[in-house]
Amino acid sequence: MTTTSSPAPIGIISALRDELSAVLLRMPPESRQRIANRSFRQCHWHGQQVVAVLSRIGKVAAATTATAMIERYGVRAIVFTGVAGGLGEGVQVGDLVVARSFLQHDLNASPLFARHEVPLYGLTRFRTDTPLSDTLAAAARQALSEPVGLLGAQAMQDFGLHTPQVHEGLILSGDQFINTAQDSVRLVAELPDALAVEMEGAAVAQVCHDYGVPFAAMRTISDRADDNAHVDFPRFTEQVASHYSAAVLDTLLAQLPA
Ligand code: SAH
């Protein structure tokens, strides 16, 4: 007997409600399921089956969420979207970073293993999926070329934003909100090619590596990971980052094969 089955869904994960608020407006849920104390919403977007969930903050929460999503929905890819602190020179508030690899900056099993190496994986960095990240970066450039249309002139002015630059490269993750210049300077000294720092991506990258699920991630820079990092964080996340996420995902999902 042959059965026809619809293609596996695309998974979308964010840590915080504010990060996903504009995205959720575009995807009224067709069904909801509570798994591992998280609400998974399913819908169609540009003909794609999509499942979206909030992980909450930190590497363990993110790993649990990604694992549940893969096991229960058999997603064919995961895209993470959220905010991060800028580390790299020229990575400014309002810019976007598309991850090409992730590293856990707080992982240290030396001298048993090299600094930052994930024990028994022989890896310090987990690469994101190249074709999916290429498409995501192209979607980001396309969707964000006219930010005034997305945010409105007032919000652009309030947050001092210009046209967002799209950067691509290494993102650091750790169970720490980096909010002193001392900590961000130390991270850049240890890992000079790091563009941004957040608290979930490397965990999802490791889970996706284990399951062989393609993974891509984008982060809007909400702060410079320094002594002003907490300023206006929720307002920026909701009024800027979530609109960038919605616009980029809209463009991405229109381009992926259904
Ligand atoms: N103010 C928030 C807490 C945010 S924690 C609240 O009250 O709920 C920071 C979240 O944004 C994490 O999910 C992390 O991935 C990301 N992030 C943004 N800037 C960061 C920074 N400077 N250091 C670490 N994570 C950061």
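Helices (H or I, at least four residues) and strands (E, at least two) are DSSP runs, numbered from the N terminus, and the tour below uses those labels. The model is predicted, so that local features need pLDDT of at least 70 and side-chain atom pairs count only at pLDDT 80 or more, while totals for chains, interfaces and linings use all residues. Residues are numbered from 1 along each chain as its sequence is written, and side-chain values use heavy atoms, with hydrogens and water left out.

Begin with the loop between β6 (96-104) and β7 (125-127), and select P111, which has its place there. The peptide bond that joins S110 to P111 is cis, with omega at about 5°.

A36 is not a glycine, yet its phi is positive, at about 50°.

The ligand is surrounded by 17 residues, of which I178, E198, M199, E200 and D223 are the closest. The strands β5 (77-86), β9 (194-198) and β10 (215-223) each contribute at least two residues to this shell. Coloured by class, the shell shows 10 nonpolar, 3 polar and 4 charged residues, where Ala, Val, Leu, Ile, Met, Phe, Trp, Tyr, Cys and Pro count as nonpolar, Asp, Glu, Lys and Arg as charged, and the others, Gly among them, as polar.

Taken alone, the ligand exposes 570 Å², and the protein buries 78% of that (accessible areas by the Shrake-Rupley method with a 1.4 Å probe). At I178 the backbone takes part instead, with an N or O atom lying 2.9 Å from a nitrogen atom of the ligand, and at R219 a polar side-chain atom lies 3.3 Å from an oxygen atom of the ligand.

Finish with D250 and R26, whose side chains meet in a salt bridge at 3.6 Å, N to O (a side-chain nitrogen of Lys or Arg within 4 Å of a carboxyl oxygen of Asp or Glu). This pair links distant parts of the chain, with D250 in helix α8 (residues 233-255) and R26 in helix α1 (residues 17-26), 224 residues apart. The structure holds 11 salt bridges.

Note on methods: Near = heavy atom within 4 Å. Polar contact = N/O pair within 3.5 Å; in protein donor to acceptor, adjacent residues only side chain to side chain.
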